[in-house]
Amino acid sequence: MDLWNQLLQGFATAGTPVNLLWALLGCTIGTAVGVLPGIGPATAVAMLLPITTKVDATASMIFFAGIYYGAMYGGSTTSILLNTPGESGSMVTAMEGNRMAKNGRAGAALATAAIGSFVAGTIATVLVTLFAPLVAAYAVRLGPPEYFLLMVLAFTTVSAVLGKSTLRGFAALGVGLALGLIGIDQITGQARYTGGVPELMDGIEVVLIAVGLFAVGEALYMVLYEGKTVETQNRMSKVHMTAAEWKRSWPAWLRATAIGFPFGTIPAGGSEIPTFLSYAAEKKLSKHKKEFGTTGAIEGVAGPEAANNAAITATLIPLLTLGIPTSNTTAILLGAFQNYGINPGPQLFDKNAALVWALIASLYIGNVMLLVLNLPLVGMWVKLLKIPKPHLYAGILIFATVGVYGMRQSAFDLVLLYGIGLLGVIMRRFDFPTAPVVVGMILGPLAEAQMRNALSIGEGRWTIFLQRPGSLALLIVVIAVLLLPYLVKAFRRKT
Amino acid sequence: MKGPAPQLAIGVGTVALGAALGLGAIGISSDAGYSGVGPNFLPWVVGGVLLACGVLLVREALTGGYRNMEEPSGAASGHWPGFAWVSAGILLNAMLITTIGFILSCALCFVLAVRGFKSSQDRLDLSLRALAVDTAIGFAIAAPVYWMFSQLLAINLPGLTSTGWI
């Protein structure tokens, strides 16, 4: 019953009027950035990181979490109504959702997406409540060698598994790790790669990299290449599901939750893989196969949307219990924790129990808020899509300035921001993944510290990683993840 | 930006970055303490990884281009006039923000960027009316943001005056 008490405590903290307001504000901003093209949850959280200097930790984590999963709700609205997905996790929703909307069933698609997100988000939150403390209790026993290899596993999956090319993934990871090296070494206090520039002594802010890659990069890409891309908007219809549509939706929601949740917990994060898997499963199991790819099948929206939300809620488990981010947004959330001097990890559940449980409680509350924000009020968000692109993107540049300048009050950072924006354009144009840059930059210094601690334990011998069963197992997993695609390819060629 | 030339350039750039990291690593102490590896260890590794990735990228670029490329979205060639407008907006903002203050500087950035985005849509409008409208919108976004940060959150953003209102 200890769990129950802590959760109630969490609700008491999250339920204070001030914190409820922060949650509502987060969910609202989250939905808005999800709906708007050109800005996603990672950018929005990054731009708002300066508030960590003034707002207390619990309130701002509730706020940021609201933005994080609010964006997933909002993203579905854009991908159903426009022919461009608002978020990468909504790409699959766009396939069937768009077809449904073209056939006058936009309302039903929006309803199944929002309710499915709610069902999956809530079930996933229950699972986080039950399992996060268990994982944390287990993780206390992990030593530096295991931590280091868990982080290496996160690096490997983020760069090798998620992208199209292992090579481009690792190049991006290298850039991220290099950015993370700039500044003072944590263990010896020696300056690295600062070139005598005092601004670089404290390292480069993650805000700068995230906002540069995503917001400024996106804006520059837009002006260079997408000015003439014409978007068509589908007509809205009444947000309503028939009994038959309900009957087809709910099994899809549950199956998708079962698919999405495990994917969020392992360090192979991102919501793209589970949404694709869920889509494939629904297509295979559906009794209405003819609707897929033609008039639009409701299962094809219900499943991926639910999988998406289950996965992103589950990413909080590795973030909170191990301190390992597996996506852009969780990497920036980790940065937010660090701004408070809090290091997420197994001790978080002891040292900052009040904060963690308030955060988890706020997930339950936020899901209810988002259901209300996205079902009855969906018309309001659709109006956002009418903002002319030039003004939208120019406005994003103003917010980018606030986020970056507000963090360190340095005009030098604004010039760097432009440089990172150019890097973002090149990466997008030549299909380099961006998540490895952000994850590498945030996690790199932590991984380095764990590695050096591990080697201290082993008195300088690398065999320490082979001697412990936990680290040996992880090492084998890392190698398997790297080699598996090649082995599969070789096997296919043979048969 | 198609064909092997830009891809080759990116590969060479990656090699250069790796080499630069390696050169920088020479100057970092190798004092290892108990752990056997010092603060210069990871820089060497990352430099090596980037160097290797760069060489492989160059090889891919020379032998038929990057593998498994997702076709980039949008036009085949860049719209450079629009790019120049937006770049001017961002860079002028960086240069002027401390002297003319956040609100004016951001409004200027907004106006320039809108012109860039519109020109990329072939709808560039240099009339005074459009200028007035965009300036007003720029102010309407920048001013409340500034007030919210400086008055409510007490985060220092530069102003033209020290009143905290402009």
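Me: What does the angle between two packed helices refer to here?
Reply: The angle runs from 0 to 180 degrees and is taken between N-to-C directions. The model is predicted. In it, helix H18 (residues 389-408) of chain A packs on helix H19 (residues 411-429) of chain A at about 135°, with the axes 9 Å apart.

Me: Which residues make H18(A) and H19(A) meet?
Reply: From H18(A) come Ala400(A), Thr401(A), Val404(A), Tyr405(A) and Arg408(A). They meet Asp413(A), Leu414(A) and Leu417(A) of H19(A). By class, this contact has five nonpolar, one polar and two charged residues.

Me: What makes H18(A) and H5(B) roughly parallel?
Reply: Helix H5 (residues 128-152) of chain B packs against H18(A) at about 25°. The cut-off for roughly parallel is under 35 degrees. The pair falls under it, and is therefore roughly parallel. The axes of H18(A) and H5(B) lie 11 Å apart. This crossing is right-handed.

Me: Which residues make the contact of H18(A) with H5(B), and how do they divide by class?
Reply: H18(A) supplies His391(A), Gly395(A), Ile398(A), Val402(A) and Gly406(A). H5(B) supplies Ile137(B), Ile141(B), Ala142(B), Val145(B) and Phe149(B). They divide into seven nonpolar, three polar and no charged.

Terms used. Residues are numbered from 1 along each chain as its sequence is written. Chains are lettered from A and ligands numbered from 1 in the order in which they are written. This is a predicted model: local features need pLDDT of at least 70, side-chain atom pairs count only at pLDDT 80 or more; totals for chains, interfaces and linings use all residues. Helices (H or I, at least four residues) and strands (E, at least two) are DSSP runs, numbered from the N terminus. Two residues are in contact if their C-beta atoms, placed from the backbone, lie within 7 Å. Ala, Val, Leu, Ile, Met, Phe, Trp, Tyr, Cys and Pro count as nonpolar, Asp, Glu, Lys and Arg as charged, and the others, Gly among them, as polar. Angles under 35 degrees count as roughly parallel, over 145 as roughly antiparallel, 65 to 115 as roughly perpendicular and the rest as oblique. A crossing is left-handed if the near helix is turned anticlockwise from the far one by less than a right angle, and right-handed if clockwise.
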